[in-house]
Amino acid sequence: MMFNNPMIWNALKTALLETLYMVGVSTFFAVLFGLPLGILLTITSPGHIKPNKLINTVLGAVVNLGRSIPFIILMVAIINFTRWLVGTSIGTTAAIVPLSISATPFFARVTEQSLREVDKGVIEAAEAMGATTLQIIFKVLLPEALSSLVLGVTITAVNLIGYSAMAGAIGGGGLGDLAIRYGYQRFRPDIMIITVIVLVILVQGVQTVGSFIANRLDHK
Amino acid sequence: MGVIFLIRFENVTKIYKGENEVVALKNIDLTINDGEIFGIIGLSGAGKSTLVRCINLLETPDEGRVLVDGVDMMNLTRRELRQHRKSIGMIFQHFNLLSSRTVAENVAFPLELSGVPKRQRIKKVRDLLELVGLSDKARAYPSQLSGGQKQRVGIARALANDQKILLCDEATSALDPQTTMSILELLKKINRERGITVVIITHEMHVIKEICDRVAVIEDGRIIETGIVEDVLLNPTTETARTFLKTVIKSEVPPEVAARLKESNGGELLQVTFLGGSTGEPIINEVVKNFDVVVNILYGNIDQIHDITFGMLVLKLTGPQRKQAKAFLEEKGLKVKVIDDV
């Protein structure tokens, strides 16, 4: 009965676009803020190129704090901040704020892990060649870790797809919202199932593309 | 004008602090001359890696001075130090190439750091790859190369800024013997053609024997012996140097031979060690001609360091004039040892 109902298809299409919008923009911000954080966490760690115990400890604590707040609580807790930043506390655009804030510390740790995998010997070689700290970051650490970083972005995006469904619960729109409003509240298991199928395909697609790009970039 | 020094350690001490304090280098005084190939040999943990890293200050000494080309490295600002590091090339045991860059891009890396324009970089990289014999691999990634090829890339990269000094940190230790030889040949060629000073640290005596002009033996953070390779190899004064020596020069009769010698009855067994000039003369022939003896060569071993030949023979002498023959050998400057019990 649903397959010949254009209204449901339209709702599904809108929800999918909303999810892509939320996930895309918040992934972008997570990388934008998380990457520099991750770089700082790495290079200030003991034995790295700019060891600094104070910065490293403070940043580490902030990142851990950000990661320990459950997303659903964060979402509600920062409503005022969200309203101040984007002018509204409901809807898809508003959902992007907590999504970005939640994914930033996660991506910072992912970045740190990727950068730590860069061979110490290669960094030492660059130092022996007279490279500056910035040159080591941009010409050694990031290019050497690029493949691993792409996988990190992929993991972050997949996580955000899950979180965005939760954001739907407070009127964020997207596939999660559709599943709850139609599938759960209006007793339409068929819509619930098709929404989940779309989510599964979306996650598979993101992961496949991410893995493909990472493989192409990997010359190890 | 005599030979001028290029690198000089003055009373250098390095201590790793921590729970267990480790004295990595203790009062090192060492001079490395311009244009020579200088070897530093020691067992792992002896401090040789730390020593070579004190030249470009990848490790900072706690005491003493390091002079490179007349400059006190520890008096430099960070910016000046980076500038000076560009004139000191370094190659590593595990090559340390950037896996995300092609061979050509790896060689271009130090040029990029120095801000050399792209057109010049391309030309320079082409010349360097030709020098190390890898012109056909310019577009390959390091993972597609053999160990020897990777080290050639490392060498090309270490020469890109026309360095005056090349530091080699166990550069052949991860390579098979044949590849090691070809890398050593390349280092020798670069030293000869470019006049670049090469500092090699290794735990392999044959590397020293093959290409070094002078050598320092390091043990427990101290230099225990230093000198021209021939001198140190042939007249070692310390037990450690002697141990290293044994790895390249067999001066002892191997057990299998010894067992066979025990079975051969009659006559007298002599171990004759010879060195340098005397090898040009037909001494054994003269012994047989001049004395009433029969000489049987049971075992022999001859080797060469630079142009000095040395070796050891085990002879069995039978006949009445054995004593005179023995005296004759000694007269010719050979070391003769009677071995009744081999």
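What percentage of the 342 residues of chain B count as buried? The figure is 38%, where buried means that 20 or more other C-beta atoms, placed from the backbone, lie within 10 Å of the residue's own.

This is a predicted model, in which local features need pLDDT of at least 70, side-chain atom pairs count only at pLDDT 80 or more, and totals for chains, interfaces and linings use all residues. Residues are numbered from 1 along each chain as its sequence is written, with chains lettered from A and ligands numbered from 1 in the order in which they are written.

**Stop 1: chain B**

Select chain B. Its C-alpha atoms fill a box of roughly 80 × 45 × 45 Å along the principal axes. Chain B has twelve helices and 14 strands. Both are DSSP runs numbered from the N terminus: H or I of at least four residues for helices, E of at least two for strands.

**Stop 2: the cores**

A nonpolar core is a set of buried Ala, Val, Leu, Ile, Met, Phe, Trp, Tyr and Cys residues joined through C-beta atoms within 7 Å. The largest has 130 residues. Select I55(B), V107(B), A156(B), L167(B), C168(B) and V199(B), which touch the most other members. α7(A) gives the most to this core, with 16 residues. Apart from it lies another core, of 17 residues, including L270(B), F274(B), F310(B) and M312(B).

Return to C168(B). Beyond its neighbours within four places in sequence, C168(B) contacts I91(B), V198(B), V199(B), I200(B) and I201(B).

**Stop 3: where the chains meet**

Show both chains. Chain B brings 18 residues to the contact and chain A brings 19 residues. On the chain B side, α2 (78-85), β6 (88-92) and α3 (103-113) each give two or more residues. That side divides into seven nonpolar, seven polar and four charged. Here Ala, Val, Leu, Ile, Met, Phe, Trp, Tyr, Cys and Pro count as nonpolar, Asp, Glu, Lys and Arg as charged, and the others, Gly among them, as polar.

**Stop 4: helix pairs in chain A**

Select α5(A), residues 92-116, with α7(A): their axes come within 9 Å and cross at roughly 150°. Axes are lines fitted to C-alpha atoms, for helices over the stretch in contact, and angles run from 0 to 180 degrees between N-to-C directions. The two helices are therefore roughly antiparallel, a term for angles over 145 degrees. Among the residues in contact are F106(A) and F107(A) of α5(A), and L149(A) and I155(A) of α7(A). By class, the contact has 14 nonpolar, eight polar and no charged residues.

V63(A), G66(A) and R67(A) meet T104(A), P105(A), F106(A), A108(A) and R109(A).

**Stop 5: α8(A)**

Which residues of helix α8 (residues 175-184) of chain A are buried? Select L175(A), G176(A), D177(A), L178(A), A179(A) and Y182(A). Their cover includes α1 (6-43), α7 (133-167) and α9 (189-217) of chain A.

**Stop 6: α11(B) and α12(B)**

Finish with residues 283-290 and 322-331 of chain B, helices α11 and α12, whose axes are 10 Å apart at an angle of about 150°. That makes α11(B) roughly antiparallel to α12(B). I283(B), V287(B) and N290(B) contact A325(B), F328(B) and L329(B).

Note on methods: Contact = placed C-beta atoms within 7 Å. Buried ≥ 20, exposed ≤ 12 C-beta atoms within 10 Å, placed from the backbone. Parallel < 35°, antiparallel > 145°, perpendicular 65-115°, else oblique.
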